[in-house]
Amino acid sequence: MNKKDMKYIEDRIESLLISKMAHYRLKIRELMRDRHKAEWPELHRTSLKSNIRQLRTWLHIAALVDESKYRLPKKPVKSNAVIMAEKLTAL
């Protein structure tokens with residue numbers, strides 16, 4: 001692969017991470033806002049837990065991608081994808 005293709009793939013991966021994290025952050029916020037209005041509370045709670053689990057998964061994937069991209073040991077610094085997702089979903 002040439003540099004142009006690698007740059008395209010890296011940009012696509014980063015945009016996918018940003019969009020997934022932003023989606024789950026907004027979904028969790030929406031479910032928490034309407035948590036007492038649910039018709040089936042057990043189902044609602046399960047859905048909320050699932051979305052939180054998915055968000056944690058995508059955050060971990062972003063950390064692994066960042067670690068492998070810069071060859072740094074895993075550290076508590078937020079990756080660029082996480083920062084961008086937080087900016088997009090900020091109130």
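Contact means heavy atoms within 4.5 Å. The legends below use the word in this sense and refer to a predicted model.

**View 1. Trp-58 in helix H2 and the residues around Trp-58.**
Trp-58 is located in helix H2. Its relative accessible area is 16%, and because buried means under 20%, the residue is classed as buried. When residues up to four places away in sequence are not counted, Trp-58 touches Leu-16, Leu-17, Lys-20, Met-21 and Tyr-24. One of these residues, Tyr-24, is 34 residues apart from Trp-58 along the chain, yet the C-alpha atoms of the two are separated by 9.1 Å.

With a relative accessible area of 9%, Asn-51 is buried.

**View 2. The packing of helices H1 and H3.**
Two packed helices are described by the angle between their axes and the distance between the axes. For H1 and H3, the angle is about 45 degrees and the axes are 8 Å apart. H1 is therefore oblique to H3. The crossing of the two helices is right-handed. On the H1 side, the residues that meet H3 are Glu-14, Leu-17, Ile-18, Met-21, Ala-22 and Arg-25. On the H3 side, their partners are Asn-80, Ala-81, Val-82, Met-84, Ala-85, Glu-86 and Leu-88.

**View 3. The salt bridge between Lys-7 and Asp-11.**
The count for the model comes to 2 salt bridges, and one of them joins the side chains of Lys-7 and Asp-11, at 3.3 Å from N to O. Both residues lie in helix H1, which spans residues 3-33. Because they are 4 residues apart in this helix, they are separated by about one helical turn. Lys-7 has a relative accessibility of 47% and counts as partly exposed. Asp-11 is partly exposed as well, with a relative accessible area of 36%.

**View 4. The salt bridge between Lys-37 and Asp-34.**
The side chains of Lys-37 and Asp-34 meet in a salt bridge, with a distance of 4.0 Å from N to O. Lys-37 counts as exposed, at 68% relative accessibility. Asp-34 is partly exposed, and its relative accessible area is 30%.

**View 5. Leu-91 in the segment after H3.**
Leu-91 is found in the segment that follows helix H3. Its relative accessible area is 91%; because exposed means over 50%, Leu-91 is classed as exposed. Leu-91 and Leu-48 are 43 residues apart along the chain, and their C-alpha atoms are separated by 20 Å.

**View 6. Confidence of the prediction along the protein chain.**
The mean pLDDT of the protein chain is 84. A value of 70 or more is reached by 91% of its residues. Confidence is highest in H1, at a mean of 89. It is lowest in helix H3, residues 80-88, at a mean of 81.

Conventions
Residues are numbered from 1 along each chain as its sequence is written. This is a predicted model: local features need pLDDT of at least 70, side-chain atom pairs count only at pLDDT 80 or more; totals for chains, interfaces and linings use all residues. Side-chain values use heavy atoms; hydrogens and water are left out. Buried means under 20% relative accessible area, exposed over 50%, partly exposed in between (1.4 Å probe, protein chains only). pLDDT is the predictor's confidence in each residue, from 0 to 100. Axes are lines fitted to C-alpha atoms, for helices over the stretch in contact, and angles run from 0 to 180 degrees between N-to-C directions. Angles under 35 degrees count as roughly parallel, over 145 as roughly antiparallel, 65 to 115 as roughly perpendicular and the rest as oblique. A crossing is left-handed if the near helix is turned anticlockwise from the far one by less than a right angle, and right-handed if clockwise.
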